[in-house]
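Take a look at the protein below. Then work through the short report that follows.

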Amino acid sequence: MIEAIKNTLWEVIQEKDVSLAMVFDREGRILWHRGRGIKGPNVSEGQGFPKSLIQETIDNAQEVLSQDVVVTSSGGALPKSATALYLRSLLIMPIDRRFFLYVDSGSKETFSPTDLALFRAMGRLFAQTMARIRHGADTGGIVGSSPAMDRVRELVVSYALEEEPVLLLGETGAGKNHIAEFIHKASGRAGKLVIVHCPSIPESLFESELFGHARGAFTGATATRQGLVREAEEGTLLFDEVSDVPTTFQAKLLAFAETGRYRVLGESRERMSNVRIIAASNRDLANEIAAKRFRSDLFFRLNVLPIEIPPLRERPGDLRDLVEEHRPLLRGKATDEGFI
């Protein structure tokens, strides 16, 4: 899905010199980028790309194709601390009503007609994928036509493009796991979704369960064990009911979330992981922080991309959609029990 499209874009632009690919939204927030280094979380504050041309695309919702563009910058946003970068060609295009694709060829080569055709095709694939998410196709239980669920699906579209941690908040049964599964599926990450069932892991085994252990690392460690982080490599790691992570381990989880680095118990070397973190909680984490059961710095690291899922009682109009979604399941169960 989305990850495959991003990888294809990266394969094309990495052959160019100091080139850049970027996806941003109508508010100018930069959701994803690959290539040369840039600065800033959004277009207006950023450096390392032509802000005026990007703003033109946002304002007019029309494609911009340009050549021989000079980008000025400061503070090391350009390669080798240059104060100006000469771009041979660039393309900026809307990919749907909210999102835009930017690609430039860097300073040496122009884009060929084949390159431009490929980028436009990637944009169309982005748009088709996002439309499927918005319209509820294959959303794995994220159903409902209420404004609240429309908002949830819109966030899922946006967050599937990004790689920062997602925090899902909602009551038990609100559908947090469904949403985590769909964000993982829509992002198209190569690995699998692995769930860390935080309440069911004893405090003394939490580090071993997550990071793994070497044989002889502690009493009873009779064999080497691969941890859940390794199992989720190139995929997504879901911390289900993250408020139940032991307080004694929360500092290590924070360090892992910030750097991706971890150490298998019984090993001296650090390992580097490539996993995306999603955390879910049915508790008010502000209350957990006030009660000193949850670290505030860990909360801020996990709360980069939040989704709050309203309970069904606050969106009764979605009940019919939920019944229709599960009708085949209910019919099969009723038949088995002799009701139909």
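Are Phe 256 and Tyr 262 buried or exposed? Both Phe 256 and Tyr 262 are buried. Keep in mind that this is a predicted model.

## Overview

The protein has 340 residues, and 47% of them count as buried. Its secondary structure comes to eleven helices and 14 strands.

Now consider contacts between residues at least 6 apart in sequence. Of these contacts, 65% join residues at least 24 apart.

## Aromatic rings

The count of aromatic pairs is eight. Phe 256 and Tyr 262 form an aromatic pair, with 6.1 Å from centre to centre. The angle between their planes is 85°. That angle is over 60°, so the pair counts as edge-to-face.

Phe 256 and Tyr 262 also belong to a cluster linked by ring pairs. Phe 206, Phe 211 and Phe 249 are in that cluster too.

## Helices H1 and H3

Two packed helices are described by the angle between their axes and the distance between the axes. Helix H1 covers residues 2-13, and helix H3 covers residues 113-134. They pack at an angle of about 165°. Their axes are 10 Å apart. An angle over 145° counts as roughly antiparallel, and H1 and H3 are therefore roughly antiparallel to each other. The crossing of H1 and H3 is left-handed.

Which residues meet where H1 contacts H3? From H1 come Ile 2, Ile 5, Lys 6, Thr 8, Leu 9, Val 12 and Ile 13. From H3 come Asp 115, Leu 118, Phe 119, Met 122, Leu 125, Phe 126 and Thr 129. By class, this contact has ten nonpolar, two polar and two charged residues.

Methods: Residues numbered from 1 in each chain as written. Predicted model: local features only at pLDDT ≥ 70, side-chain atom pairs only at ≥ 80, totals over all residues. Heavy atoms only, no water. Phe/Tyr/Trp six-rings, centres within 6.5 Å; stacked < 30°, edge-to-face > 60°. Buried < 20%, exposed > 50% of the residue type's maximum accessible area, 1.4 Å probe, protein only. Axes fitted to C-alpha atoms, helices over the stretch in contact; angles between N-to-C directions. Helix = DSSP H or I, 4+ residues; strand = E, 2+ residues; numbered from the N terminus. Parallel < 35°, antiparallel > 145°, perpendicular 65-115°, else oblique. Left-handed = near helix turned anticlockwise from the far one by under 90°. Contact = heavy atoms within 4.5 Å. Nonpolar A, V, L, I, M, F, W, Y, C, P; charged D, E, K, R; others polar.
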